[in-house]
Amino acid sequence: MNELFAFGRTSGSEASDVSYGLGGDMKKTQYVLQLLGFPGHADTLKCLITAVEMGMETDSAVLDVMEGQDESSEYLEISPYGMVPALKEADYYVAGESGIMSYIEARGLGKRLPPKNAALLAEQNYWSDIACSEVGPNIKTLVQERILAPMHDSVYMMNTDAIETARNALIAPLDALDKQLAKNTFIIGNYSFADIHWTAYVHLLYESGDGDLVDNRPNLKAWFDRIRTHKSFSGQNVVAYDILPKLGDIKKKQLNSVVIDDF
Amino acid sequence: MGLFSRKKKSQAGIHMRGFPGHVDTCKCLYLAAEKGVTLDPELLDVTGLEHKTDAFHALSPFEKIPCLGDGDFVISGVTAILPYIDVKGDGQSLTPRKAARLGEQNYWIEVGQNEVLPLVNTLLEEQLLKPMSDPAYTPDQEKIDAAVTGIDRAFSLADKHLQGRDYFASDYTFADIHWVPYLHFCDINGHGELVEKYPNLKSWFDRIKARKKGAMSTYSVLPSLEQIKGKELRYVA
């Protein structure tokens with residue numbers, strides 16, 4: 001076993017036997033996932049949200065990307081391109097948000113998250129794509145400049161030009177989403193992967209101190225207020241927003257696990 | 001429309017604006033052929049910056065290419081268009097049902113999009129598109145060499161993964177759809193050796209080239225070098 005995954009309830013061989021049986025087969029009633037990620041990293045947050053929404057218990061541990069742990073030989077064994085986060089269940093490993101989110105969703109409890117209707121499926125993916133390509137890189141800049149770089153260097157002088165550029169680049173996609181949400185409770189109507197992608201980014205906007213970009217847009221703000229109290233898609237009495245790392249958690253490099261009590 | 005006048009879903013014409021030298025456009029063309037979806041393509045001349053026009057912005061505000069229209073429904077970007085074609089087309093969905101294969105499919109899509117696509121685009125830009133716009137353009141050999149080195153690494157990892165597998169996620173999935181144009185563009189751009197040197201990847205590519213929908217080779221819908229230079233986008237039926 002890769003030592004980076006030596007944490008959580010299934011790390012010992014005895015515990016693994018209890019959870020999965022000696023045959024190593026995976027059953028939905030016998031799971032505990034392990035997630036290795038970083039609290040200031042949007043893709044890690046998306047995977048945690050997916051785990052809560054799909055009712056999948058997940059033990060989390062921090063992969064310290066600020067110390068280059070994602071470039072270590074041990075991590076590259078799991079993820080040759082250093083894609084973060086990484087997930088393990090029994091003998092199965094997968095890295096990167098896209099692989100992990102879809103894996104958790106398919107392993108999850110209850111109905112499936114992706115819409116069956118072709119147009120809604122396309123819309124879900126369109127808004128996920130806009131989040132990843134137009135929003136993600138700018139959130140990364142804001143988190144880096146306002147939170148991570150000062151953690152690394154207490155006298156760090158923020159690059160105000162980079163911050164301003166990132167904030168300006170967010171105007172068009174945030175305006176577009178605000179307009180889209182004028183007619184919908186969630187991004188494409190029903191809750192979908194699109195909401196998970198945007199939740200991670202909007203949450204980090206608040207934690208970086210850029211929440212005004214959300215507060216200024218009434219439909220977007222109302223959507224995020226709904227997200228903050230949204231109970232698990234799979235029906236468990238747990239709210240994904242509650243386990244997302246707040247500013248203090250990011251600074252302490254702490255990541256919550258997903259614990260579900262009401263099966 | 002009455003019940004008996006309903007068109008078979010794969011016979012309803014779908015309109016798509018794209019460019020033959022654009023990787024994501026080719027992913028959509030290829031999937032349409034695989035799924036038997038009639039696709040009516042229209043050239044979006046990105047070398048003439050047509051994707052920067054107000055008319056295109058009205059359809060695709062973030063300049064996502066290609067852009068698809070089906071009746072009143074308009075959507076843009078490969079991530080959205082591929083599943084749309086998949087659901088509209090013939091046969092079972094390409095999305096695997098098993099969690100592990102779904103994870104594997106999406107892992108290889110992400111590797112392709114993050115690690116291979118930008119490098120294939122560099123080769124296309126330097127060796128094909130810029131010389132098309134400016135015949136006096138001298139390709140940047142350093143950029144080309146760096147792209148070839150990066151693609152070679154990705155192909156070697158894909159080759160290792162494909163050992164003992166027919167397709168990227170064992171079954172034929174969206175991961176294969178994404179990777180087909182990467183190899184196709186390397187091949188037609190004079191870098192076929194990047195595929196030839198890896199036996200498992202080459203076998204996979206040979207299997208792809210042998211795939212048919214009815215009597216038609218699905219691989220044959222991908223544009224040739226001459227078609228790209230002539231800005232010719234094929235009709236898929």
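In the predicted model, Gln105(B), Trp108(B), Ile109(B), Gly112(B), Val116(B), Leu117(B), Val120(B), Leu123(B) and Leu124(B) of H4(B) pack against Phe174(B), Ala175(B), His178(B), Trp179(B), Tyr182(B), Phe185(B) and Cys186(B) of H6(B). Classified by residue type, this contact of H4(B) with H6(B) comprises 13 nonpolar and 3 polar residues and no charged residues. Helix H4 of chain B extends over residues 99-133 and helix H6 of chain B over residues 174-188; their axes come within 9 Å and cross at roughly 20°. Because angles under 35 degrees count as roughly parallel, H4(B) is roughly parallel to H6(B). The handedness of the crossing of H4(B) and H6(B) is left-handed.

Chain B contains 9 helices and 6 strands. Its C-alpha trace spans about 60 × 45 × 30 Å along the principal axes.

The domain assignment divides chain B into domain 1 (11-93 + 217-229) and domain 2 (99-211). The C-alpha centres of domain 1 of chain B and domain 2 of chain B are 19 Å apart. Contact between these domains involves 15 residues of domain 1 of chain B and 19 residues of domain 2 of chain B. On the side of domain 1 of chain B that touches domain 2 of chain B, helix H1 (23-35) and helix H9 (225-229) of chain B each supply at least two residues. The largest share of that side, 5 residues, is provided by H1(B). By class, the side of domain 1 of chain B that touches domain 2 of chain B has 9 nonpolar, 4 polar and 2 charged residues.

For chain A, the domain assignment gives domain 1 (3-113 + 236-252) and domain 2 (118-228). A distance of 23 Å separates the C-alpha centres of domain 1 of chain A and domain 2 of chain A. In this case, 16 residues of domain 1 of chain A are in contact with 19 residues of domain 2 of chain A. H2 and helix H11 (247-252) of chain A each contribute at least two residues to the side of domain 1 of chain A that touches domain 2 of chain A. H2(A) provides the largest share of that side, 6 residues. The side of domain 1 of chain A that touches domain 2 of chain A consists of 10 nonpolar, 2 polar and 4 charged residues.

H2(A) also packs with H7(A). Helix H2 (residues 42-53) of chain A and helix H7 (residues 193-207) of chain A meet at an angle of about 125°, with their axes 9 Å apart. The two helices H2(A) and H7(A) are therefore oblique to each other, and their crossing is right-handed. From H2(A), the contact involves Ala42(A), Leu45(A), Lys46(A), Ile49(A), Thr50(A) and Glu53(A), and from H7(A) it involves Ile196(A), His197(A), Thr199(A), Ala200(A), Tyr201(A), His203(A) and Leu204(A). By class, the contact of H2(A) with H7(A) has 7 nonpolar, 4 polar and 2 charged residues.

Between the chains, the contact draws 26 residues from chain A and 24 residues from chain B. Strand S4 (92-95), helix H4 (97-107) and helix H5 (118-152) of chain A each supply at least two residues of the side of chain A that touches chain B. H5(A) accounts for the largest share of this side, with 11 residues. The side of chain A that touches chain B is made up of 16 nonpolar, 6 polar and 4 charged residues.

Definitions and conventions
Residues numbered from 1 in each chain as written. Chains lettered and ligands numbered in written order. Predicted model: local features only at pLDDT ≥ 70, side-chain atom pairs only at ≥ 80, totals over all residues. Contact = placed C-beta atoms within 7 Å. Helix = DSSP H or I, 4+ residues; strand = E, 2+ residues; numbered from the N terminus. Nonpolar A, V, L, I, M, F, W, Y, C, P; charged D, E, K, R; others polar. Axes fitted to C-alpha atoms, helices over the stretch in contact; angles between N-to-C directions. Parallel < 35°, antiparallel > 145°, perpendicular 65-115°, else oblique. Left-handed = near helix turned anticlockwise from the far one by under 90°. Domains from an automatic or database assignment.
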